[in-house]
Amino acid sequence: MTAAAAVPPGPFDRNDATTALLVRTGSWTAMVTGTLISALLLLDQPISWPQVLLNFAAGAMGAVALLLGRAGRWHQAALVLIWGVWVVVSMVAAFNGGLRGPSLLNFPVLIVFSGWILGTRPTLALTGATGALFLFFVWSDLNNWLPAARYGNRAAYVTYLSGILAVTAAATLLSRRSYVRRTREAVHTASSLAARDAELRKLLRAVEQSPESIAITDLEGRIEYVNAAFLARTGYALDEVIGQPSSTVSSNGMALVQWMSLRDTLSRGENWAGEQVNRRKDGGTITEAVVVAPIRQPDGHITHYVEIKQDITERRRAAAEIHRLAHFDALTSLPNRVMLMERLGALRWRGAAGAQPLHALLLLDLDRFTIFNDARGSEMGDRLLRAVALRLSQTLPAQGLLVRVAGDEFAIVLHDLGALPPQASRRALTFAEQVQSLLLQPMRLEGYVGEAQLGASVGITLYPQSAEDTPHEALRRAGTALHRAKQAGGGRAAFFEQGMGEAAEQRFVVERSLRQAIAADELRLFLQSQVDVQGRLTGAEVLVRWQHPRDGLLTPGAFISIAEESDLIVSLGTWVLARSCKLLALPVMRERRLRLSVNLSARQFRQTGFIAQLRSLLQSSGADPTLLTLEVTEGLVIDDFDEAVAKIRELAALGVEFSLDDFGTGYSSLAYLKRLPIQELKIDRSFVHDAPTNADDGVLVEGILSVARHFGLRVVAEGVETREQADFLCQREPGIVYQGYLFGRPEPDVDWLARLADEADPADPVGPTRA
């Protein structure tokens with residue numbers, strides 16, 4: 001093997017220390033030998049100056065190479081050393097007899113150095129140049145062109161041979177050391193590769209035989225590898241998976257939020273973990289715990305992603321079953337006591353101050369269930385409990401919770417019954433009665449001849465009652481109330497808070513009786529006259545009374561607030577409107593152009609079909625819409641201003657007028673007043689009462705009158721009871737309309753109409769009536 005062939009190409013690409021040492025050794029040898037030979041040649045007589053200068057040039061080449069090496073430019077140093085010395089040596093050989101001279105030993109040494117230092121191609125080029133030089137020397141020798149060989153200075157020749165011997169020995173030893181080192185490195189590398197190959201094979205077997213599903217994708221998410229577990233779990237064949245996007249065959253159950261989280265996590269170079277329900281090829285589902293991790297190269301560059309998935313379908317199913325057993329009743333499938341306490345815990349007092357929404361806990365116990373269970377057997381008793389659970393579920397509100405506590409005891413949680421205890425209590429009691437009525441309806445049971453019918457006792461408590469109230473305390477209160485209801489004979493509902501229960505019971509009785517009163521025509525229409533400043537009758541405000549069969553005539557204060565808390569206010573308002581339209585259709589009302597003012601509740605006004613209903617009442621009764629005034633409050637229009645204005649405009653198009661009732665007691669904002677299509681303002685009686693004697697009330701009344709004049713509105717003053725009040729108002733607004741005891745108390749509509757018919761002259765003033 002030649003030196004050139006034994007050397008791997010591009011040694012300086014690896015920054016080889018041996019090669020650098022060779023350059024340094026050759027440079028020192030060239031510099032020392034060339035300089036020494038030049039000095040020795042100066043002793044010859046005569047002196048051969050060309051040979052002296054050429055050998056000195058060879059030494060200079062070694063010095064330049066050393067300087068370039070010291071600067072770290074080893075490649076340039078090698079070029080100067082080899083090619084520079086080769087040129088000089090070629091010239092020396094030419095002056096020294098060519099092939100017959102003593103300088104030919106330089107060329108093999110230079111070729112060996114070139115092989116180690118510069119690599120294959122430069123060495124071949126140097127060998128070719130040397131061959132061409134030798135051919136030139138042969139041709140020159142044949143033609144006697146070159147001078148005879150000179151061996152005159154034996155000391156210079158010995159120095160030359162010693163330099164050749166030294167550099168050859170150094171190159172050989174350094175080359176051998178490098179060869180031995182590289183051989184050892186090769187053996188070590190081969191051993192490492194074999195060990196790594198074994199590790200890779202072991203890892204490949206582990207991945208291939210892993211029970212977990214493993215897939216490797218490129219950076220675009222296309223699958224490049226899957227193991228056997230992946231194919232077995234998904235049902236796909238290998239050729240159906242390779243090259244496909246992971247989202248279609250591997251992660252097809254990932255939600256959009258998970259995709260975004262996965263994308264963001266991987267973009268940061270981090271591992272992503274989560275759960276997803278993926279679909280098999282046959283459409284079945286698998287619940288999997290997934291880890292997606294980037295695969296990095298040694299330089300940290302990410303080239304692939306690996307997906308590792310564990311089938312947790314059975315684990316999730318087992319967890320769900322454990323949760324169901326812990327939180328749901330096995331017989332009825334209803335939530336159990338644990339769920340009840342969790343829900344009550346979630347509804348505990350929130351915040352340190354402010355109104356808290358009140359909820360209700362109802363504890364139900366079936367009356368005479370033990371007797372039924374003993375008589376018909378436990379299996380039939382279980383069927384009855386399931387039937388009761390189904391029936392209770394059908395009446396449960398959307399956010400309510402129905403629980404089987406134990407045995408024949410059930411619990412119901414009602415949400416958000418309001419912030420005021422009286423209102424919340426009434427709603428809870430209403431629902432309890434509905435439940436009791438529902439359970440009293442006969443139930444048919446499989447295998448039971450006849451119908452089962454059981455009542456229920458109910459204990460009720462509101463929750464939370466304070467920041468310290470707890471679910472256990474609420475359950476204790478409901479249990480106490482239930483015990484009280486059963487002691488009273490069963491089939492009853494009882495509040496733990498005795499006073500609150502009595503108030504709720506009273507309000508409930510009034511609501512139920514009022515509902516019956518509307519159907520039984522127990523309501524009565526009353527009218528209170530409205531007159532101008534000359535005492536002429538202009539119309540009346542419509543009021544309602546309840547002719548209770550036991551308690552006699554009841555004023556609105558006894559039932560209107562209760563009606564407003566339920567849907568009864570709509571039925572009540574419809575009844576008043578219908579009767580008012582009939583009165584307006586009477587000839588005397590038409591002839592004298594007398595107006596009727598009817599109070600309109602917010603709930604009635606917001607009914608979807610209210611406009612169509614009023615239009616129908618006007619048409620069916622034949623009433624003149626221009627004689628009807630609907631009184632609305634500021635709160636009614638403020639709650640949904642745009643919708644209220646739209647409805648008012650639509651009714652105004654029929655001729656109906658609107659009055660803003662109790663003006664001055666609410667918002668009294670000119671910003672919305674100028675946008676309301678109303679024709680009248682009513683001054684509240686609280687301002688009228690002290691207007692003549694109280695400067696503040698007087699200023700308020702004057703301000704309201706000023707606003708009315710500015711907007712061109714008619715003004716009606718309520719609660720005018722004295723002549724001083726009437727005069728005060730008349731002095732400030734001559735066109736004002738009075739309403740109050742000074743001009744007439746509310747009276748039944750038949751009496752009011754009879755008195756109207758008895759008047760001889762419709763233009764006669766009504767004048768003050770009995771107080």
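The structure is a predicted model, in which local features need pLDDT of at least 70, side-chain atom pairs count only at pLDDT 80 or more, and totals for chains, interfaces and linings use all residues. Residues are numbered from 1 along each chain as its sequence is written, and side-chain values use heavy atoms, with hydrogens and water left out. Helices (H or I, at least four residues) and strands (E, at least two) are DSSP runs numbered from the N terminus.

**Antiparallel sheet**

- An open sheet of five strands has the order β2-β1-β5-β4-β3, with antiparallel pairing; two strands pair if DSSP finds at least two bridges between them.
- β2 (223-226) and β3 are the edge strands, each with a single partner strand, so one side of each has no neighbour in the sheet.
- On average, neighbouring strands of this sheet are turned by 30° against each other, direction ignored; axes are lines fitted to C-alpha atoms, for helices over the stretch in contact, and angles run from 0 to 180 degrees between N-to-C directions.
- Helix α10 (residues 256-267) packs on the sheet and touches β3, β4 and β5, its direction making about 145° with that of β3; contact means heavy atoms within 4.5 Å.
- Helix α11 (residues 313-327) also packs on the sheet, touching β3, β4 and β5, and its direction makes about 130° with that of β4.
- Six bridges connect β1 (residues 213-218) with β5 (residues 302-311) in the antiparallel sense.
- Within β5, Y305 stands opposite T217, and H304 is the bridge partner of D218.
- The antiparallel pairing of β4 and β5 extends over nine bridges, and Q310 in β5 is the bridge partner of A289.
- The hairpin of β4 and β5 has five residues between the strands, and G300 takes a positive phi near 90° there.

**Mixed sheet**

- A further open sheet has five strands in the order β7-β8-β6-β9-β10, and its pairing is mixed.
- At the edges stand β7 (401-406) and β10 (493-495); each has a single partner strand, so one side of each is left without a neighbour in the sheet.
- β6 (residues 359-366) and β8 (residues 409-414) run antiparallel and are joined by six bridges, with F410 in β8 standing opposite L364.

**Helix pair α13 and α14**

- Helix α13 (residues 369-376) packs with helix α14 (residues 378-395) at an angle of about 135°, and their axes are 6 Å apart.
- This angle makes α13 oblique to α14, since angles under 35 degrees count as roughly parallel, over 145 as roughly antiparallel, 65 to 115 as roughly perpendicular and the rest as oblique.
- α13 contributes F369, F372, N373 and R376 to the contact, while α14 contributes S378, M380, G381, L384 and L385.
- The contact has five nonpolar, three polar and one charged residues; Ala, Val, Leu, Ile, Met, Phe, Trp, Tyr, Cys and Pro count as nonpolar, Asp, Glu, Lys and Arg as charged, and the others, Gly among them, as polar.

**Pocket and cavity**

- On a 1 Å grid over the protein atoms alone, a cavity is a set of points where a 1.4 Å probe fits but cannot get out, and a pocket is an open set with protein on both sides within 12 Å along at least five of seven lines; lining residues have an atom within 4 Å of a point.
- Grid points are joined across faces, edges and corners, and a volume is the space filled by probe spheres set on the points.
- The largest pocket has a volume of about 770 Å³; 36 residues line this pocket, and E541, V542, L543, N599 and D661 are the closest to its centre.
- β12 supplies the largest share of the pocket lining, five residues, and the lining as a whole holds 15 nonpolar, 11 polar and 10 charged residues.
- The count gives one cavity of 30 Å³ or more, and the largest cavity has a volume of about 40 Å³.
- Residues lining the largest cavity include S213, F230, R280 and K309; by class, the lining has three nonpolar, four polar and four charged residues.
- α8 (228-234), β3 (272-279) and β4 (285-296) each give at least two residues to the lining of the largest cavity.
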